[in-house]
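Q: Could you go through this model with me? I would like to look at chain contacts, pockets and charge pairs.

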There are 8 protein chains.
Amino acid sequence: MANPLVGIVMGSTSDAKIMQPAAEALAELGIECEVRVLSAHRTPDAAAEYAATARERGLRAIIAGAGSAAHLAGALAARTTLPVIGVPVSSSALAGLDALYATVQMPPGIPVATVAIDGARNAALLAAQIIGTADPAVAARLDEQRAEMARKVLAANE
Amino acid sequence: MANPLVGIVMGSTSDAKIMQPAAEALAELGIECEVRVLSAHRTPDAAAEYAATARERGLRAIIAGAGSAAHLAGALAARTTLPVIGVPVSSSALAGLDALYATVQMPPGIPVATVAIDGARNAALLAAQIIGTADPAVAARLDEQRAEMARKVLAANE
Amino acid sequence: MANPLVGIVMGSTSDAKIMQPAAEALAELGIECEVRVLSAHRTPDAAAEYAATARERGLRAIIAGAGSAAHLAGALAARTTLPVIGVPVSSSALAGLDALYATVQMPPGIPVATVAIDGARNAALLAAQIIGTADPAVAARLDEQRAEMARKVLAANE
Amino acid sequence: MANPLVGIVMGSTSDAKIMQPAAEALAELGIECEVRVLSAHRTPDAAAEYAATARERGLRAIIAGAGSAAHLAGALAARTTLPVIGVPVSSSALAGLDALYATVQMPPGIPVATVAIDGARNAALLAAQIIGTADPAVAARLDEQRAEMARKVLAANE
Amino acid sequence: MANPLVGIVMGSTSDAKIMQPAAEALAELGIECEVRVLSAHRTPDAAAEYAATARERGLRAIIAGAGSAAHLAGALAARTTLPVIGVPVSSSALAGLDALYATVQMPPGIPVATVAIDGARNAALLAAQIIGTADPAVAARLDEQRAEMARKVLAANE
Amino acid sequence: MANPLVGIVMGSTSDAKIMQPAAEALAELGIECEVRVLSAHRTPDAAAEYAATARERGLRAIIAGAGSAAHLAGALAARTTLPVIGVPVSSSALAGLDALYATVQMPPGIPVATVAIDGARNAALLAAQIIGTADPAVAARLDEQRAEMARKVLAANE
Amino acid sequence: MANPLVGIVMGSTSDAKIMQPAAEALAELGIECEVRVLSAHRTPDAAAEYAATARERGLRAIIAGAGSAAHLAGALAARTTLPVIGVPVSSSALAGLDALYATVQMPPGIPVATVAIDGARNAALLAAQIIGTADPAVAARLDEQRAEMARKVLAANE
Amino acid sequence: MANPLVGIVMGSTSDAKIMQPAAEALAELGIECEVRVLSAHRTPDAAAEYAATARERGLRAIIAGAGSAAHLAGALAARTTLPVIGVPVSSSALAGLDALYATVQMPPGIPVATVAIDGARNAALLAAQIIGTADPAVAARLDEQRAEMARKVLAANE
């Protein structure tokens with residue numbers, strides 16, 4: 001079995017349903033991933049360790065999904081210079097607006113690549129795009145997927 | 001010189017002006033404090049270490065001020081069970097709303113005692129109230145301060 | 001039976017379900033509490049009296065939960081220098097955003113330690129942390145609870 | 001000199017400039033008013049006393065201006081069944097949105113008649129309209145003022 | 001049968017359920033009211049006529065409930081110097097925030113006394129308070145109602 | 001001189017600076033316009049009359065700019081079936097968000113074509129596009145203008 | 001069969017239910033329309049082509065409905081000088097606020113005539129108003145429809 | 001001279017000052033970039049062409065900065081499967097909130113890696129991180145930069 005290239009991390013098992021499309025999208029593209037539950041607040045050491053060792057374990061990108069005061073993506077990004085992709089999860093009374101701000105408004109020096117609220121599928125596609133910058137086969141599969149999406153939309157007009 | 005009882009931590013030297021009233025308010029009440037610049041994202045290890053050793057060094061509360069995706073208070077709170085008081089700083093385009101959400105919307109298990117945007121003075125008063133739960137002299141000084149505030153307001157009517 | 005150390009006050013019986021986790025969290029930690037329904041607007045005198053006598057009755061912290069133009073925590077804080085912890089309740093059309101602003105944006109002089117919208121459990125943990133600043137047994141229990149939380153998160157990865 | 005019919009209360013002397021147009025508008029209409037600085041949080045007893053005795057002292061309406069977690073109008077309204085008119089003041093980082101929510105989102109039973117952020121002039125006109133329901137002379141002056149406003153707008157087209 | 005003293009106007013029959021508590025609250029206080037469906041946009045002439053003749057028909061206040069770009073209260077207020085009380089209705093995707101802004105943010109010269117989103121009951125109590133400024137019997141009934149509310153809250157503690 | 005085809009209406013002379021680009025854009029395209037100051041609240045009859053007679057006077061579209069609880073566009077739209085274009089003006093503490101909601105969130109039956117906050121130039125271009133649906137010369141001028149805009153952007157790359 | 005005068009475009013088949021009232025409203029007024037599913041992001045070429053050829057195919061206006069980062073109306077507007085009417089769809093966690101901002105806040109030069117969130121019916125009425133500027137029969141039908149709406153509202157009072 | 005690896009695109013020359021730090025950050029890291037002014041709305045063809053040919057011209061990532069209804073990043077992302085990084089620019093009355101929503105809330109299938117409002121420097125660091133996934137020298141320089149950032153923060157404590 002191939003080494004995972006993408007790590008999918010979520011702050012709580014209650015985020016699993018929202019994050020599921022990320023794993024599915026990577027599987028569609030034939031990209032190996034690993035899934036972890038790690039909390040920036042309840043398991044800060046384990047989260048820090050996960051990010052700090054991510055590059056040497058062969059990961060090319062980390063996807064982090066969390067809700068409320070969503071620090072997870074930023075906490076991982078603070079420990080690695082791999083691209084970290086943040087998925088704000090709409091699990092609180094503020095419908096994910098809190099998670100969006102807490103994920104995207106990172107200070108200069110530590111970027112998080114933020115996607116839409118509950119946008120786990122796009123997080124995976126972005127990870128694949130990152131891998132595709134150095135792997136023409138992945139880039140080609142992404143291009144095919146785009147063409148197929150376009151065909152489906154146009155088919156709805158017939 | 002007495003041991004500091006309160007740590008004032010800020011994510012960046014650019015927050016110093018906003019956080020200054022916290023140190024002043026503690027000085028008014030005769031409570032020793034220490035001031036640190038520690039970033040949840042740029043110095044995550046130092047921030048974690050600071051919080052993890054806070055109780056054994058004699059601190060009773062930590063005040064953390066940060067702007068944007070303000071993770072600092074939450075990151076410190078993840079490493080200690082001392083009360084952590086968060087001051088959202090209005091340094092971004094969103095006027096502190098991002099910092100407020102990122103500070104107050106903590107998940108169950110890891111509370112942050114959040115005060116108003118740029119509310120550094122109230123953070124210090126809250127720290128003093130916490131100390132005052134076990135130190136009648138501090139409680140008495142807080143009560144005197146309240147009475148003095150009331151007198152000033154009423155004097156404005158004369 | 002021990003004296004209550006924490007008062008849990010809510011503005012309306014309709015907030016009881018949201019505030020229930022506060023009482024439960026204190027019970028888990030072996031901290032005695034009392035529960036009151038007192039409204040800043042409908043019973044202002046009783047609310048004022050409750051806060052004004054809280055310290056002499058042995059309380060160390062007051063937790064106040066209210067929705068809409070949530071004045072309860074601020075109204076209690078105006079009458080005591082004990083720490084007052086505010087829980088904004090998401091009972092209105094604005095999903096608790098009104099209660100959050102009305103609770104956290106206190107003017108200089110009268111702090112309210114605000115937790116997340118509907119964050120009653122964290123309010124109780126914060127009260128316990130405050131008590132723990134002078135009671136090592138409570139602090140130790142909080143540390144154990146943290147370790148247990150971390151174990152549960154990590155167990156989800158196995 | 002006539003008894004004041006309207007009380008203008010502000011939470012802080014720093015709100016005086018915003019509240020000034022209320023006094024001016026009442027003067028234009030020949031309605032006597034009194035101005036007080038009273039804080040819901042720093043002088044809760046004086047504020048409560050002011051409202052509780054307002055009707056017997058001859059007031060017909062109270063105008064309350066405050067910023068941030070603006071509890072003043074609600075705190076006064078809790079102590080009187082005279083109409084209380086709230087002016088949210090834009091003095092905080094949130095540009096008055098916090099004060100608006102804290103003033104207008106009152107729970108059932110205790111209304112506050114809220115006007116626009118910094119809308120002190122309209123607060124006075126509303127107080128005059130309330131007096132005008134029983135005082136035809138005031139109502140007539142309000143009607144004249146309206147006609148004059150319309151003339152001024154139309155004159156801008158010439 | 002007595003003349004109605006309060007007009008309750010709503011922009012659409014779909015607002016009837018939200019506005020119902022206004023009529024009920026006035027009935028509890030023995031204040032006669034009339035209910036109309038009039039739209040600022042679909043029946044602007046009828047709405048203008050209603051407001052313009054309100055005082056001469058004996059009304060003391062008008063309550064106007066509307067959702068979305070809620071112009072109704074302002075449109076009525078533009079045609080009368082009677083107090084107009086606006087109820088923002090939460091019928092749109094924006095949960096009443098649009099209606100709140102469209103109702104409360106009136107320009108200088110034309111006030112609308114705005115209550116909480118969906119706050120029809122408080123609109124009625126405010127109308128009663130206005131009537132009570134000149135009618136001691138109504139004022140007395142409001143005071144009794146307040147005392148009864150307080151008793152109910154306190155009874156919840158037994 | 002040709003008949004005006006577009007009416008530019010603003011709620012207050014203080015909006016003139018924001019609305020100026022609308023007149024300029026129409027002049028660039030050789031479309032005659034007229035400018036009026038008319039308030040939905042201070043001159044409701046004149047505003048109603050203006051809209052009701054707009055079509056018979058030869059207008060093809062009305063542009064309405066207003067701030068705060070911006071009812072002007074909706075009030076005009078209620079009196080004509082000509083297209084009414086609303087420009088929310090950022091003149092209040094809420095930076096035009098109130099005006100945006102009050103302009104765009106119109107109920108079914110009475111549309112307002114809303115452009116960006118302070119977007120007076122685009123309002124004029126939209127009016128020209130409407131005229132262009134039946135006037136090929138105007139459509140051609142709009143196409144030329146577009147081509148010129150593109151040239152200017154591309155020129156910035158040289 | 002007559003040529004369509006209005007194109008209704010939606011970004012996804014999932015928007016069909018929200019956009020349905022646009023087609024119905026045009027049918028009521030006897031205005032021919034065509035319906036397309038075209039995505040600014042998944043079929044950018046087809047969307048561009050659709051708009052670029054719209055005028056020569058006889059369209060007088062395009063209605064575009066999309067949710068989330070709703071670029072569709074703007075993308076079409078970038079390729080034609082026909083009026084483009086945008087309908088922000090409330091399909092995301094942000095309840096259409098994202099779609100509203102992404103549709104209405106167009107930069108100078110490329111207007112989009114934006115209607116309310118989910119306001120498909122009003123989009124159609126606006127398209128009819130545009131056609132009615134040059135087609136008196138359509139204008140007359142719109143006037144009749146208005147009169148009928150007013151009658152229905154007034155009938156609710158009987 | 002080396003081929004550019006990163007394209008920095010902005011919607012208007014008025015965004016140049018905000019986007020400048022992106023070019024500077026890439027220069028610090030020794031990564032070649034090219035800068036273009038291309039508008040999704042005013043030059044849609046040139047923007048589409050730029051993205052469509054980006055991979056074959058050797059780019060590894062595109063950074064797109066735009067304000068208001070910021071479609072630029074999404075429009076480029078629609079034409080390439082290279083990673084597109086969006087910088088919401090705070091140039092409108094809504095302080096960049098409109099640009100944030102319009103950039104981050106992309107529909108499934110077409111991701112945009114969004115950074116903070118005005119976060120051009122972080123956009124460049126993210127582009128460098130993407131390049132660093134396949135270029136160990138760039139990754140090493142990023143790690144050194146992080147260490148240097150930490151040193152600077154810690155030095156502020158001495």
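Q: How far apart are the closest C-alpha atoms of chain C and chain G?
A: This is a predicted model, so everything here is computed from its coordinates. In it, the closest C-alpha atoms of chain C and chain G lie 13 Å apart, and no contact joins the two chains.

Q: And what about the nearest C-alpha atoms of chain B and chain F?
A: Those are also 13 Å apart, and chain B and chain F do not touch.

Q: OK, on to a pair in contact: how many residues does the contact take from chain H and chain A?
A: The contact takes 41 residues from chain H and 41 residues from chain A. Between them, chain H and chain A bury about 3,200 Å², with 59% of that area on carbon and sulfur atoms.

Q: Which residues of chain H lose the most area to chain A?
A: On the chain H side they are H:Thr81, H:Pro111 and H:Arg146, which together make up 20% of what that side buries.

Q: What rotation superposes chain H on chain A?
A: A rotation of 180° does it, with 0.0 Å of shift along its axis and an RMSD of 0.0 Å. The two copies are thus related as by a two-fold rotation axis. As for the surfaces used, 100% of the interface residues of chain H are also interface residues in chain A, so the copies meet through the same surface.

Q: Now chain E and chain G: what rotation superposes those?
A: Chain E is superposed on chain G by a rotation of 90° with 0.0 Å of shift along the axis, and the RMSD is 0.0 Å. These two copies are thus related as by a four-fold rotation axis.

Q: What does the contact between chain E and chain G take from each side?
A: It takes 11 residues from chain E and 10 residues from chain G. The area that chain E and chain G bury between them is about 800 Å², 77% of it on carbon and sulfur atoms. On the chain E side, E:Arg42, E:Ala93 and E:Leu94 lose the most area to chain G, and together they account for 54% of what that side buries. The count of salt bridges between chain E and chain G is 0.

Q: Where are salt bridges, then, and how many does the structure hold over all chains?
A: Over all chains the structure holds 40 salt bridges. One of the pairs is A:Arg121 with A:Glu28, whose closest N and O atoms are 3.1 Å apart. This pair links distant parts of the chain, since A:Arg121 sits in helix H5 (residues 120-132) of chain A and A:Glu28 in helix H1 (residues 16-28) of chain A, 93 residues apart.

Q: Switching to pockets: how much space lies in the largest pocket?
A: About 1,000 Å³ of space lies in the largest pocket. It is lined by 40 residues, and the closest to its centre are B:Leu97, D:Leu97, F:Leu97, G:Leu97 and H:Leu97.

Terms used. Residues numbered from 1 in each chain as written. Chains lettered and ligands numbered in written order. Predicted model: local features only at pLDDT ≥ 70, side-chain atom pairs only at ≥ 80, totals over all residues. Heavy atoms only, no water. Least-squares fit on C-alpha atoms with pLDDT ≥ 70 in both. 1 Å grid on protein atoms, 1.4 Å probe; cavity = no way out; pocket = protein on both sides within 12 Å on 5 of 7 lines; lining within 4 Å. Points joined across faces, edges and corners; volume = space filled by probe spheres on them. Contact = heavy atoms within 4.5 Å. Buried area = accessible area lost by both parts, 1.4 Å probe. Salt bridge = Lys/Arg side-chain N within 4 Å of Asp/Glu carboxyl O. Helix = DSSP H or I, 4+ residues; strand = E, 2+ residues; numbered from the N terminus.
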